[in-house]
Amino acid sequence: MAIDERGTPRLTLGPVLYLWEPEAWRDFHYRIADEADVDTVVLGEVVCSKRQHFHEDLIAGVAERLQQAGKGVRLASLALVTLQREMRASHRLAAQPIEVEVSELSAHAAMLSKPHAVGPLVNVYNAATARVLALRGATSICLPPELPLSSIAAIASARRRSPSPPAVLMLGSRAGPRIIASSSAARTPMGSK
Amino acid sequence: VTTLDEQRFLALNGVQTMSSTVQCLLGDIPALLAAGVSGFRLSPQVCDMVAVAKLFREVLGSRLDGAEAVARLRELYVGAHFSNGFLHGLPGHMYRA
């Protein structure tokens with residue numbers, strides 16, 4: 001995320017990582033559109049491609065509602081691509097007009113250096129990595145939550161001369177850098193299943 | 001997921017493994033701004049995210065003290081265990097006020 005012309009820090013709401021009921025997911029974003037003071041909202045299924053069908057028919061309407069409310073919208077890619085259909089989904093994402101936030105590097109490659117955002121699941125641990133991603137089209141980078149302040153400062157210092165200083169995940173469960181095979185939810189928040 | 005000592009450890013979200021604690025850097029905003037960070041991100045949780053966004057915006061605008069904001073966040077997100085250990089070079093599940 002870049003500093004805007006007023007130098008005001010920007011606030012982004014990431015994608016819902018849990019499997020919420022479709023109506024709850026839609027209504028949550030409608031309320032965000034109408035009431036929340038955030039600059040950008042990221043939509044899309046990140047965790048598992050088998051969940052995509054629950055919300056994919058709602059995304060266009062939610063994106064339109066958010067945009068009408070003056071909020072920026074990004075569409076996130078999957079955090080792990082292992083199947084041909086998932087790779088095709090990444091390429092479809094790269095071809096559509098809404099800004100993309102990549103969650104892993106095959107989606108970054110699919111962007112073919114078109115401007116895009118990099119989400120916090122991509123391991124950007126140093127300034128050199130941030131520089132390479134920026135040269136390949138990344139206009140904003142949300143750093144992984146496991147970085148210490150010294151690393152954040154070093155990356156930000158190197159990026160400050162560029163138009164895209166990094167963002168930091170401020171509130172949320174830390175997602176591991178690796179997806180492991182598992183099934184049942186150990187913690188089931190209200191509204192999820 | 002708990003350890004053999006019944007300590008909260010991980011949360012499984014389908015195929016995704018997450019921390020059982022919720023990273024909260026609301027009290028660390030001045031340090032992050034000083035480090036050159038200009039964008040901040042919230043991950044949706046099951047609580048009033050409109051009110052959460054308002055708290056972060058007020059701290060980002062220097063209209064609210066970070067410690068007071070964290071206290072209000074605890075009231076908004078009852079039951080959550082906050083962490084910021086990684087930011088301070090500590091074990092990730094810890095929270096430094």
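What share of the 97 residues of chain B count as buried? The figure is 55%, where buried means under 20% relative accessible area, exposed means over 50% and partly exposed lies in between (1.4 Å probe, protein chains only). The model is predicted, so local features need pLDDT of at least 70 and side-chain atom pairs count only at pLDDT 80 or more, whereas totals for chains, interfaces and linings use all residues. Residues are numbered from 1 along each chain as its sequence is written, chains are lettered from A and ligands numbered from 1 in the order in which they are written, and side-chain values use heavy atoms, with hydrogens and water left out.

From the N terminus on, the elements follow the order β-β-α-β-α-α-β. Taken along the principal axes, the C-alpha atoms of chain B fill a box of roughly 45 × 30 × 25 Å. Among the contacts in chain B with a separation of 6 or more, 41% are between residues 24 or more positions apart, a contact being heavy atoms within 4.5 Å. Chain B exposes about 4,200 Å², and carbon and sulfur atoms supply 57% of that area; accessible areas come from the Shrake-Rupley method with a 1.4 Å probe, and for residues only the protein chains shown count as cover.

Within chain B, helix H2 (residues 49–60) and helix H3 (residues 66–76) have axes that come within 10 Å and cross at roughly 175°. That angle makes H2(B) roughly antiparallel to H3(B). The contact is made by Ala51(B), Val52(B), Leu55(B), Glu58(B) and Val59(B) from H2(B), together with Gly66(B), Ala69(B), Arg72(B), Leu73(B) and Leu76(B) from H3(B). By class, this contact of H2(B) with H3(B) has 7 nonpolar, 1 polar and 2 charged residues. Here Ala, Val, Leu, Ile, Met, Phe, Trp, Tyr, Cys and Pro count as nonpolar, Asp, Glu, Lys and Arg as charged, and the others, Gly among them, as polar. For the geometry, axes are lines fitted to C-alpha atoms, for helices over the stretch in contact, and angles run from 0 to 180 degrees between N-to-C directions. Angles under 35 degrees count as roughly parallel, over 145 as roughly antiparallel, 65 to 115 as roughly perpendicular and the rest as oblique.

Arg72(B), found in helix H3 of chain B, counts as partly exposed at 36% relative accessibility. Leaving aside neighbours within four places in sequence, Arg72(B) is in contact with Leu55(B), Glu58(B) and Leu64(B). Ser62(B) sits in the loop between H2 and H3 of chain B and has a phi near 60°, a positive value in a residue other than glycine. At 68% relative accessibility, Ser62(B) counts as exposed.

Chain A has a secondary structure of 6 helices and 7 strands, which follow the pattern β-α-β-α-β-α-β-α-β-α-β-α-β along the sequence. Of its 193 residues, 51% are buried. Contacts between residues at least 24 apart make up 60% of those in chain A that join residues at least 6 apart in sequence. The accessible surface of chain A comes to about 8,900 Å², with 55% belonging to carbon and sulfur atoms.

A helix pair is also found in chain A. The axes of H5 (residues 127–135) and H6 (residues 149–159) of chain A come within 9 Å and cross at roughly 40°; H5(A) and H6(A) are therefore oblique to each other. Ala127(A), Ala130(A), Arg131(A) and Ala134(A) of H5(A) meet Ala154(A), Ile155(A), Ala158(A) and Arg159(A) of H6(A). The contact of H5(A) with H6(A) has 6 nonpolar, no polar and 2 charged residues.

Three further residues of chain A may be located in turn. Pro22(A) lies in helix H1 (residues 22–35) and is buried, with a relative accessible area of 17%. Not counting residues up to four places away in sequence, Pro22(A) touches Phe54(A), His55(A) and Leu58(A). His53(A), in helix H2 (residues 52–68) of chain A, is partly exposed at a relative accessible area of 48%. Ser113(A), in the loop between helix H4 (105–110) and strand S5 (116–118) of chain A, has a positive phi of about 70° although it is not a glycine, and is partly exposed with a relative accessible area of 47%.

Notes. Helix = DSSP H or I, 4+ residues; strand = E, 2+ residues; numbered from the N terminus.
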